[in-house]
Amino acid sequence: MGRIVLEDVTKSFGESQVIPPLNLTIEDGEFAVFVGPSGCGKSTLLRLIAGLEDTTSGKIVIDNEDATQVPPSKRGLAMVFQSYALYPHMSVRKNIAFPLRMAKMSQSEIDKKVEGAAKILNLADYLEQKPGQLSGGQRQRVAIGRAIVREPAAFLFDEPLSNLDAALRVGMRLEISELHNRLSTTMIYVTHDQVEAMTMADKIVVLRAGNIEQVGSPLDLYHTPRNIFVAGFIGSPKMNIISGPEADKLGATSVGFRPEHTDVSKTEGMWKGRVGVAEHLGSDTFIHVHDTGLADMITVRITGDIAVTHGDDIYLTPQLDKLHKFDADGLRMA
Amino acid sequence: MSNRTLPRLLQTPAVILLLIWMLVPLSLTLYFSFIRYVLNNLRRPEWTTPSFSNWRGFGNYEFVLNSKDFLLAIQNSLFIVGSILFLTVALGVLIAVMINKAFPGQGIVRVLLISPFFVMPAVNAVLWINMILDPVLGLQGLAVAGINDLIASLQGAPVVGWFFSLWPEIEPISFRATQTSAIAVIIMVTWQWTPFAVLIFMTSLQSEDQQQKEAAVLDGAGTWSQFRFLTLPHLGRPIAIVVMIQAIFHLSLYAEIEIVSRGNGNKNLPYLIGEFANNNIGAASATGIFAVILANIVAIFLLRMIGKTLME
């Protein structure tokens with residue numbers, strides 16, 4: 001079991017309140033991702049759940065028990081840190097065994113569990129090495145192994161992939177997702193990378209300045225962002241957001257349209273612009289369009305290829321049924 | 001000129017200087033240790049100038065080995081160095097961990113902690129032996145006298161008086177006596193060098209990874225386990241450095257021994273060398289060679305023990 005409920009949780013450091021009253025429920029077995037720009041309080045929130053920080057007020061309930069005053073080691077949560085936080089003087093085996101050893105488990109049982117975790121994570125060949133001898137991805141796996149052996153109620157991941165290179169990150173992303181499918185344990189994952197959030201999450205929690213901007217499944221957030229912030233944060237390349245007379249014509253203060261929901265023509269369309277940079281990826285083409293009079297730059301995404309080069313004139317037409325309209329407060333209209 | 005010639009040429013002056021620096025004193029010591037060489041001898045005036053014609057072979061070494069103080073000096077050297085190393089490292093780790101946490105007045109406490117290190121060794125010895133350890137006038141004497149007075153006054157008290165009259169009068173310890181003077185030296189040098197250990201351990205503690213500690217907290221490690229499994233291994237390297245540096249320094253202790261007991265029953269090798277050097281330079285040189293050998297044995301042991309830590 002691993003149902004985590006936050007009730008009116010706040011956190012202040014001295015005078016400044018980094019988490020205003022916040023309510024959130026994470027169901028058992030859910031993969032929840034906290035995402036937001038740096039400094040939005042997502043790591044603080046995770047540390048509050050872990051018990052590494054004390055809440056200023058409010059309640060943290062884990063499995064229907066008030067855990068607000070429970071010390072971190074008794075909450076049944078395991079955490080994977082951004083820096084991996086492996087114990088440098090211990091071998092991989094001892095690192096993974098450490099929580100079991102602290103729990104005074106018998107040596108034979110420890111060995112069994114460590115071997116099991118090593119097998120799941122492909123670490124069997126490295127058990128006698130020290131963390132310093134491992135690559136970033138292997139260290140990450142050791143950190144996850146140390147979390148797995150405790151059989152926690154929930155896993156907490158604090159930006160676990162941000163120290164890895166891009167290729168490895170994609171691989172580890174898959175591994176963590178597979179791990180979640182296999183263990184079906186609650187996981188809370190903090191990241192500033194919306195791609196990680198979109199690909200891994202059952203439930204995304206978008207945070208800004210300690211406030212929850214929106215909670216929902218990745219596609220909910222993609223299709224119906226609640227406000228301009230979420231609209232701009234979720235999706236890659238970013239949604240184009242325009243305001244002014246053209247937006248008024250479409251009946252809203254601000255109008256957003258995604259790069260992939262824009263039709264492109266060389267001859268006719270709603271808005272005329274000039275091609276800046278065209279990124280040809282083969283499967284897709286990203287075109288950065290300037291001088292439309294709408295915004296500094298509009299990005300569009302075309303499936304396949306189109307023969308445009310820098311400086312060409314181009315016409316854009318947003319798909320009207322996929323427009324996102326926002327009112328003066330930046331909130332989604334109907 | 002090949003690639004390597006120029007760099008080697010440029011290194012040469014430094015290498016030669018270092019060689020002279022080390023080889024000349026060592027060769028002279030070796031030379032003196034094999035000849036009869038005394039500063040003053042009315043019957044054999046030829047011994048007062050060093051010369052190969054005064055060759056004595058291993059005679060000086062035999063003389064030193066057979067002198068009654070030699071074994072004591074070696075034992076004492078090792079005992080004093082070993083005790084100081086153990087105490088400074090233990091106290092150093094303890095104090096460094098204690099003052100590593102933030103508390104009001106931290107800055108002042110740190111400066112005060114370092115200050116013993118700035119006291120000159122001779123002054124340190126004079127202060128301790130006269131003002132603190134003296135059995136009559138020092139703090140020790142005053143404290144013992146105070147306790148004895150208190151017990152004496154309680155012996156006349158009703159009800160509990162019989163209990164206190166069973167107590168013997170406490171005798172103050174004379175640290176100038178032969179058996180205890182080594183302990184006095186250990187106490188004062190430990191007091192002086194603990195700050196050095198604290199300073200090095202403190203800087204090392206500040207570089208300790210906090211996320212590791214948080215991970216350990218989540219893994220269920222208590223304060224002791226965190227210290228045992230994270231902090232102590234983290235301090236392995238600085239401990240090795242402190243032990244090495246202090247071993248080098250304390251094998252050559254002199255001022256403290258001179259001031260506490262004038263070597264009375266408490267000699268170490270440097271002190272023995274000093275005594276021989278009053279007249280018998282040959283014997284002093286032979287002792288010096290023994291000291292070099294002892295230092296090398298200690299160094300090999302230390303390197304074996306801590307080399308592993310340093311290499312990791």
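**Reading a two-chain predicted model**

Modeller: In chain B, the centres of domain 1 and domain 2 are 33 Å apart, taken over C-alpha atoms. This is a predicted model, in which local features need pLDDT of at least 70 and side-chain atom pairs count only at pLDDT 80 or more, while totals for chains, interfaces and linings use all residues. Residues are numbered from 1 along each chain as its sequence is written, and chains are lettered from A and ligands numbered from 1 in the order in which they are written.

Colleague: Into which domains is chain B divided?

Modeller: Domain bounds come from an automatic or database domain assignment. For chain B, domain 1 covers 69–125 + 177–276 and domain 2 covers 134–172.

Colleague: And into which domains is chain A divided?

Modeller: Chain A has domain 1 at 4–231 and domain 2 at 237–326. Their centres, again over C-alpha atoms, are separated by 38 Å. Four residues from domain 1 of chain A and six residues from domain 2 of chain A make the contact; two residues are in contact if their C-beta atoms, placed from the backbone, lie within 7 Å. On the domain 1 side there are three nonpolar residues, one polar and no charged. In this scheme Ala, Val, Leu, Ile, Met, Phe, Trp, Tyr, Cys and Pro count as nonpolar, Asp, Glu, Lys and Arg as charged, and the others, Gly among them, as polar.

Colleague: In what order do the six strands of the open sheet in chain A stand?

Modeller: Strands of a sheet pair through backbone hydrogen bonds, either parallel or antiparallel. Two strands pair if DSSP finds at least two bridges between them. The order in chain A is β6-β7-β8-β3-β9-β10, with mixed pairing. Strands β6 and β10 (211–216) are at the edges, each pairing on one side only. Within this sheet, strand β3 (residues 31–35) runs parallel to strand β9 (residues 203–208), and four bridges join them. Phe34(A) has Val205(A) as its bridge partner in β9(A).

Colleague: Which helix lies across β6 and β7 of chain A?

Modeller: Helix α4 (residues 136–148) of chain A does, running at about 175° to β6(A). Axes are lines fitted to C-alpha atoms, for helices over the stretch in contact, and angles run from 0 to 180 degrees between N-to-C directions.

Colleague: What is the order of the open sheet of four strands?

Modeller: In chain A it is β2-β1-β4-β5, with antiparallel pairing. β2 (16–26) and β5 (65–66) stand at the edges with a single partner strand each, so one side of each has no neighbour in the sheet. Strand β4 (residues 57–62) pairs with β5(A) over two bridges, and Ile62(A) stands opposite Glu65(A) in β5(A). Helix α1 (residues 42–50) of chain A lies across β1 (4–13), β2 and β4, at about 115° to β1(A).

Colleague: At what angle do α5 and α8 of chain B cross?

Modeller: Helix α5 (residues 121–132) and helix α8 (residues 181–206) of chain B cross at roughly 125°, their axes coming within 10 Å. That makes α5(B) oblique to α8(B), because angles under 35 degrees count as roughly parallel, over 145 as roughly antiparallel, 65 to 115 as roughly perpendicular and the rest as oblique. The crossing is right-handed; a crossing is left-handed if the near helix is turned anticlockwise from the far one by less than a right angle, and right-handed if clockwise. Asn124(B), Ala125(B), Trp128(B) and Ile129(B) of α5(B) meet Ala184(B), Ile187(B), Met188(B) and Gln192(B) of α8(B). These contact residues comprise six nonpolar, two polar and no charged.

Colleague: Which residues of α3(B) meet α13(B)?

Modeller: Phe70(B), Ala73(B), Ile74(B) and Ser77(B) of α3(B) meet Leu269(B), Tyr271(B) and Leu272(B) of α13(B). Helix α3 (residues 70–100) and helix α13 (residues 269–276) of chain B pack at about 145°, with axes 8 Å apart. The axes of α3(B) and helix α11 (residues 236–250) of chain B come within 10 Å and also cross at roughly 145°, in a right-handed crossing. The contact of α3(B) with α11(B) has nine nonpolar residues, four polar and no charged.
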